[in-house]
Amino acid sequence: MNISSNPAPDASDPLEYFVLPRTVRRQVLACSALSDKKSAGDVFYLWIQLDPDGESPAIAPDNWLNVIDEAAAIGANWLVITLGDQERPPEHVDAMCHWAQDTHKMTVCLHSLESKLHPMVESLVVSLAQELTYLLVEPKHTHAFESLRERGVRVGLANPAPHDSDTACEFPYKMVFVDAGGNLYTCGLVAGEQEFFLGSVFNGSLEQITHNPQLPHSVAASKERTEDGCSGCPPLVAKYLCKEQHGVTD
Ligand code: SF4
């Protein structure tokens, strides 16, 4: 696996907190995002999982842009989009990525579960601002994305070594997870489980949901990180990329 260096550090990227002296305050916040596992409040990551089977009711593109706006308003500066079926990816993924970057200067990670991207998605990942973009892929598929890496796309592992203690579960305190139907869960591993259901993007704001102490904001201790369910997890990936690029661990 290879990740190209970032020639133009950007303060909206948590990875850059470790190399930019002028962003000391944000560096502290970023370190908190990675290491303060118990405090609720600041949200750093928005994780959207688009339908892997193409069976969920479609959400209008404007609704997704609203979700991104709301997440940005409560502090999210990373967006991970787990792509669904590459035979027919949703057209609005293009608008979502550009909106996140152009409007909110978010770092956008496109997360592919498959070894091949739809041509539209391939064009998209090349067209995005490279200093604010990662393509996250499964470890077994890295060779399939070598040509994109050679075209300047930063390719990273979506699911770094599940049994490596440095890549243990970071817990979802700083994350908002939304599935393809607009349902919020504490994280991707427990998507679809009623016990971890937080509400719908159509019934309340992200701000209300993430700061509601009555709702679950973690995963049960009995839940352990799995290879499939945790792939693409933003805090996990951010920690791994920090370590890869800067040798930083918490
Ligand atoms: S997706 Fe996995 S690694 Fe991420 S917070 Fe949930 S259980 Fe932890």
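What follows is a short chat, going from the whole chain down to single residues.

Colleague: What share of the chain's residues count as buried?
Modeller: Keep in mind that this is a predicted model. The chain has 7 helices and 8 strands. Of its 250 residues, the buried share is 41%.

Colleague: Looking at contacts with a separation of 6 or more, how much comes from residues 24 or more positions apart?
Modeller: Count the contacts in the chain whose partners have a separation of 6 or more. The part that links residues 24 or more positions apart is 72%.

Colleague: How do α2 and α3 run, roughly parallel or roughly antiparallel?
Modeller: Helix α2 covers residues 61-73 and helix α3 covers residues 92-104, and their axes come within 10 Å. These axes cross at roughly 30°. Angles under 35 degrees count as roughly parallel, so α2 and α3 are roughly parallel.

Colleague: And is that crossing left-handed or right-handed?
Modeller: On the α2 side, the contact includes Trp 64, Leu 65 and Ile 68, and on the α3 side it includes Met 96, Trp 99 and Ala 100. By class, the α2 contact with α3 has 9 nonpolar, 2 polar and no charged residues. As for the hand of the α2 and α3 crossing, it's right-handed.

Colleague: Why does Val 125 count as buried?
Modeller: Val 125 is found in helix α4, residues 119-127. Leaving out residues up to four places away in sequence, Val 125 touches Leu 110, Thr 133, Leu 135, Leu 148 and Val 153. The cut-off for buried is 20 or more other C-beta atoms within 10 Å, and Val 125 makes it because its number of C-beta neighbours there is 22.

Colleague: What about Val 137, is it buried or exposed?
Modeller: Val 137 lies in strand β4, residues 133-137. Among the residues it touches are Ser 112, Phe 145 and Val 155. Val 137 has 28 C-beta neighbours inside 10 Å, so it counts as buried.

Colleague: How far is Asn 212 from Leu 198 in space?
Modeller: Asn 212 lies in the loop between α6 (206-210) and α7 (234-246). Asn 212 has 14 C-beta neighbours inside 10 Å, so it counts as partly exposed. In sequence, Asn 212 and Leu 198 are 14 residues apart, and C-alpha to C-alpha the gap in space is 9.3 Å.

Colleague: Last one: which residues are closest to the ligand?
Modeller: The ligand is surrounded by 13 residues. By class, this shell has 9 nonpolar, 1 polar and 3 charged residues. The closest are Cys 169, Cys 187, Leu 189, Cys 230 and Cys 233.

Notes:
Residues numbered from 1 in each chain as written. Predicted model: local features only at pLDDT ≥ 70, side-chain atom pairs only at ≥ 80, totals over all residues. Near = placed C-beta within 6 Å. Nonpolar A, V, L, I, M, F, W, Y, C, P; charged D, E, K, R; others polar. Axes fitted to C-alpha atoms, helices over the stretch in contact; angles between N-to-C directions. Helix = DSSP H or I, 4+ residues; strand = E, 2+ residues; numbered from the N terminus. Parallel < 35°, antiparallel > 145°, perpendicular 65-115°, else oblique. Left-handed = near helix turned anticlockwise from the far one by under 90°. Contact = placed C-beta atoms within 7 Å. Buried ≥ 20, exposed ≤ 12 C-beta atoms within 10 Å, placed from the backbone.
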